[in-house]
Amino acid sequence: MSQYLTSVSQHLLNPGGLEIDSLPAVLHQLAGAGIDAADLYFQSMISESWLLEDGIVKEGGFHMDQGVGVRAQSGEKTGFAYSNAITLDALSQAAQAARSISRSGENGKVQVFTRIEPTRLYPNENPLDVLSRAEKVELLKNIDVATRALDPRIQQVTVSLSGVWEQVLVAANDGTLAADVRPLVRFNVNVVVEQNGRRERGNNGGGGRTDYRYFLREDRAMSYAREAVRQALVNLEAVAAPAGTLPVVLGSGWSGVLLHEAVGHGLEGDFNRKGSSAYSGRMNERVASSLCTIVDDGTIPDRRGSVSVDDEGTPGAYNVLIENGILKGYMQDKLNARLMGVARTGNGRRESYAHLPMPRMTNTYMLAGESDPAEIIASVEHGLYCASLGGGQVDITSGKFVFTTNEAYLIENGKVTRPVKGATLIGNGPEVMTQVSMVGNDLSLDNGVGTCGKEGQSVPVGVGQPTLKIDAITVGGTGA
Amino acid sequence: MNQSVEAVGPAALPALREQVERILAEARQQGATACEVSVSVEQGLSTTVRKGEVETVEFNRDEGFGITLYVGHRKGSASTSATGENAIRETVAAALAIAQHASEDEYSGLADPEKMAKDLPDLDLFHPWGITPDEAIEKALLCESAAFAANPKITNADGTSLNTHQGCRIYGNSHGFIGGYASSRHSLSCVMIAESNGHMQRDYFYDVNRVAEELMDPAYIGQRAAERTVSRLGARPVPTAQVPILFAPELASGLFSNFLAAISGSNLYRKTTFLEGALGQQLFPEWLSIDERPLIPRALGSASFDSEGLATYAKPFIDKGELVSYLLSTYSARKLGMQSTANAGGVHNLFISHGSDDQAALIRRMGKGLLVTELMGQGINLVTGDYSRGAAGYWVENGEIQFPVQEVTIAGRLQDMFRNIVAVGADVDRRGGIRTGSVLIESMTLAGR
């Protein structure tokens with residue numbers, strides 16, 4: 001047995017008197033006649049956070065959680081129960097509740113376990129332990145002092161550090177048996193600057209499935225601080241953003257929020273099975289300009305959105321969603337893959353054992369094109385350049401999506417000129433993607449800060465894109 | 001189908017109270033000089049149906065506790081879903097280890113002992129439903145079939161969910177305060193999809209109440225969901241312009257959430273709000289008042305004590321348009337040299353004063369402009385008050401709704417929006433913690449095509 005399965009099952013199962021060999025009997029009970037699929041998801045999680053503000057480390061928090069989610073499916077029906085106790089009793093009770101969606105009392109078939117051995121994309125050590133508490137506090141204080149020294153206009157500095165260490169074990173009646181150990185760390189700097197009575201805010205950070213030493217290498221923690229300050233100072237000079245429909249150039253990296261909202265959610269398998277997405281039934285049709293090739297890639301080492309295996313035991317994968325503008329694939333979990341008669345894609349993810357898995361994105365990005373970013377900007381007579389975005393949202397049924405700018409500039413006669421205030425941009429996903437008229441050669445991924453919400457569940461994700469130009473999209477400023 | 005776990009209710013309170021005492025004792029023993037503990041257990045059932053079939057049946061049961069402790073003026077917190085003596089010891093130890101490394105902060109610590117709530121009135125918040133999964137499914141199916149029957153343009157569904165939850169919560173601290181209550185919450189929501197000319201629209205309707213019998217009729221919820229969805233078919237952008245904006249009540253409550261965030265202590269002491277130092281200023285029109293009423297029996301936002309054990313009390317935030325109180329916890333109050341307003345954890349039932357016009361009357365009064373029924377994105381900068389969000393709704397001309405609108409934005413500054421409220425309608429939304437009618441704002445920038 002692999003090192004992962006051994007260590008994870010010892011950690012999750014043994015304290016409650018269970019072993020991997022105890023699981024087939026539970027699955028047997030769960031997978032009665034009329035049940036198409038059944039699985040058990042064991043999870044433990046520890047997390048911590050440290051916060052510096054007003055020059056002092058004001059507070060820290062620690063959280064421990066563990067439990068098991070028990071799921072049975074019959075056709076399109078899902079029965080689900082969970083428990084924070086990992087014992088045979090608790091499992092049996094949860095199994096009984098979950099399988100109540102099927103009326104039959106018989107027990108069902110359980111395949112012999114096949115151990116899934118995916119490529120491991122991140123280290124399995126506890127990322128919280130690589131620095132002592134004193135070292136974490138020291139790091140926050142050092143960054144605070146160095147940040148305050150950057151500019152006299154800085155009024156407030158907030159620095160935070162957080163980490164999560166998760167262990168999961170999935171066992172299913174189809175024979176799936178997989179374990180994963182997932183680290184996740186995050187560092188963030190937020191500043192408030194003031195000049196002549198006007199205040200603005202700047203924010204920057206990063207992280208990934210690695211440990212805290214990541215922030216000490218290549219001056220990363222301080223580079224987030226410098227970026228936050230730079231952005232805040234730029235915004236001190238910002239004038240009202242324009243109102244109306246105009247050409248927009250989006251910078252590389254985190255601006256991939258565009259793809260996450262305009263394309264990604266609409267290509268999740270559940271919405272397409274239900275026919276509720278603006279992309280439903282459009283497989284192999286043109287849904288974007290031919291310059292656009294968009295992928296969802298769960299296999300990039302150490303990235304925030306990556307999964308060695310997803311939360312159903314399917315290995316993370318590189319999935320082409322749109323190729324040269326043509327819709328090529330949806331993202332699937334087991335349920336929707338089974339009902340749509342297609343392969344699962346390693347996108348079955350859940351917030352925790354207390355939540356049901358759904359098709360979710362991992363790292364979603366557009367492949368590089370051929371244009372020089374400078375040439376893209378030079379091509380715009382009057383428009384907007386968005387260097388950095390905030391969050392976004394989409395209505396997958398109508399296709400309408402929004403994103404908000406954090407740092408944006410007017411483009412006048414092919415040149416980036418004055419900074420403008422934050423504004424919301426709105427468009428229709430399939431329509432906007434056909435308006436992509438230039439794609440840069442500068443693909444980059446975000447710094448590892450994304451969290452995606454869907455039906456009340458949050459999961460870490462990544463985005464990325466090259467600089468690109470949209471010929472027309474509505475900009476929600478207040479200016480002319 | 002039966003829920004196999006024992007129902008959570010007031011009977012669980014003594015055991016939770018005992019657990020709080022044990023955790024407080026453990027913290028003292030490990031060396032904390034002060035501490036506060038919150039313990040909860042919650043149980044629920046969620047069922048979703050779609051197109052006449054059951055989609056999910058979920059049984060929820062969550063428990064856990066959280067502790068914040070102090071060593072002098074150093075603070076640490078920890079929480080867990082685990083139970084038992086080991087979990088208590090380890091969680092306290094984790095919080096303590098953090099406190100020992102945190103900085104000395106003269107403002108930190110429990111609320112003042114003499115301010116702890118003394119009388120804890122029973123607010124009648126616990127009304128378990130006892131509905132079985134089969135009965136829940138039946139009600140949800142009834143709701144959805146009413147939606148399908150309401151209009152042939154309803155072609156698809158995105159799920160109708162019935163949720164019922166009940167739980168208990170106890171809070172205690174080392175001043176000797178301990179208080180708790182059981183509560184319930186039930187909801188029925190219906191999301192439908194309509195289609196015409198190859199374009200789909202989705203909308204919903206829902207109700208939520210602490211008392212199941214007071215929920216709106218399932219068929220009515222389905223019909224309203226269908227009506228709202230179909231009325232969006234054919235939505236289109238309108239040209240960019242400065243126009244009056246009428247926020248439907250369920251969105252107007254968001255404006256007052258923004259207001260609350262802007263007067264909250266944590267943003268005030270950080271100077272991250274455009275309302276810093278605004279106490280005593282005229283922020284809204286003179287006829288408008290905003291007040292908190294925390295002790296209304298059965299209301300969704302009711303609570304007799306805040307999350308630090310302070311007695312909640314009724315008070316105005318805005319009186320005749322003037323800001324008369326900030327929204328403060330003990331910590332933020334100390335930072336500002338003020339007194340807590342018993343709002344640690346938020347506000348408990350907020351009421352916005354209103355006139356006698358219903359929404360139709362406000363539409364007539366607006367004459368020409370946009371009735372907003374959906375907002376997208378979080379384009380709000382509290383530091384500056386700048387507001388810019390995606391919107392959908394209905395175009396109004398000659399005092400009547402003309403056609404549905406989508407793919408536009410509305411933008412302005414919150415301080416101007418507050419000042420330029422023309423009217424608040426009598427069509428109050430009673431489903432949330434903020435009770436307001438439709439809000440008519442004199443002018444905002446609408447961006448479209």
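Which side chains meet in a salt bridge at 2.4 Å, N to O? They are B:R270 and A:E53. The model is predicted.

**The interface between chain A and chain B**

- Eight salt bridges are counted between chain B and chain A. The pair B:R270 and A:E53 is a salt bridge, with N to O at 2.4 Å.
- Side chains of opposite charge can pair when their charged atoms come close.
- Polar contacts between chain B and chain A come to 33 residue pairs, with both residues at pLDDT 80 or more.

**Strand pairing across the chains**

- Strand β3 (residues 77–83) of chain A pairs with β2(B). The sense is parallel, and the pairing runs over four bridges.

**B:K75 and its surroundings**

- B:K75 sits in strand β3 (residues 74–80) of chain B.
- The side chain of B:K75 makes a polar contact with the side chain of A:E59 at 3.0 Å.
- Leaving out residues up to four places away in sequence, B:K75 touches A:K58, A:E59 and A:G60 in chain A. In chain B, B:K75 touches B:T68, B:L69, B:Y70, B:I98, B:A99 and B:A102.

**Salt bridges over the structure**

- Over all chains, the structure holds 56 salt bridges.
- One salt bridge joins the side chains of A:K334 and A:D174, with N to O at 3.0 Å. This pair links distant parts of the chain, 160 residues apart.
- A:K334 lies in helix α9 (residues 334–340) of chain A. A:D174 lies in the loop between β5 (154–172) and β6 (176–195) of chain A.

**A five-stranded sheet in chain B**

- Chain B has an open sheet of five strands in the order β10-β9-β8-β11-β17. The pairing is mixed.
- The edge strands of this sheet are β10 (322–323) and β17 (434–435) of chain B. Each edge strand pairs on one side only.
- Strand β8 (residues 290–292) of chain B pairs with strand β9 (residues 315–319) of chain B. The sense is antiparallel, over three bridges.
- In β9(B), B:I318 is the bridge partner of B:I290.

**The loop residue B:S329**

- B:S329 lies in the loop between β10 and α7 (330–336) of chain B.
- B:S329 and B:D306 are 23 residues apart in sequence. Their C-alpha atoms are 9.0 Å apart.
- Neighbours within four places in sequence aside, B:S329 is in contact with B:E308, B:S340 and B:A344.

**UniProt domains in chain A**

- UniProt, in an unreviewed entry, places "domain: Metalloprotease TldD/E N-terminal" at residues 38–101 of chain A. This span is 17% helix and 66% strand, and its end C-alpha atoms lie 12 Å apart.
- The UniProt feature "domain: Metalloprotease TldD/E central" (unreviewed entry) is at residues 127–236 of chain A. Here the chain is 34% helix and 45% strand, with end C-alpha atoms 37 Å apart.
- For "domain: Metalloprotease TldD/E C-terminal" (unreviewed entry), the UniProt record gives residues 244–477 of chain A. Those residues are 14% helix and 40% strand, with end C-alpha atoms 8 Å apart.

**UniProt domains in chain B**

- In chain B, UniProt gives "domain: Metalloprotease TldD/E N-terminal" (unreviewed entry) for residues 35–99. The span is 23% helix and 65% strand, and its end C-alpha atoms are 11 Å apart.
- UniProt also places "domain: Metalloprotease TldD/E C-terminal" (unreviewed entry) at residues 241–448 of chain B. That span is 19% helix and 34% strand, and its end C-alpha atoms lie 8 Å apart.

Definitions and conventions
Residues are numbered from 1 along each chain as its sequence is written. Chains are lettered from A and ligands numbered from 1 in the order in which they are written. This is a predicted model: local features need pLDDT of at least 70, side-chain atom pairs count only at pLDDT 80 or more; totals for chains, interfaces and linings use all residues. Side-chain values use heavy atoms; hydrogens and water are left out. A salt bridge is a side-chain nitrogen of Lys or Arg within 4 Å of a carboxyl oxygen of Asp or Glu. A polar contact is a pair of N or O atoms within 3.5 Å; within protein, one must be able to donate a hydrogen and the other to accept it, and residues adjacent in sequence count only if both atoms are side-chain atoms. Two strands pair if DSSP finds at least two bridges between them. Helices (H or I, at least four residues) and strands (E, at least two) are DSSP runs, numbered from the N terminus. UniProt positions are given in the numbering used here, feature names are shortened, and annotations may be inferred rather than shown by experiment. Contact means heavy atoms within 4.5 Å.
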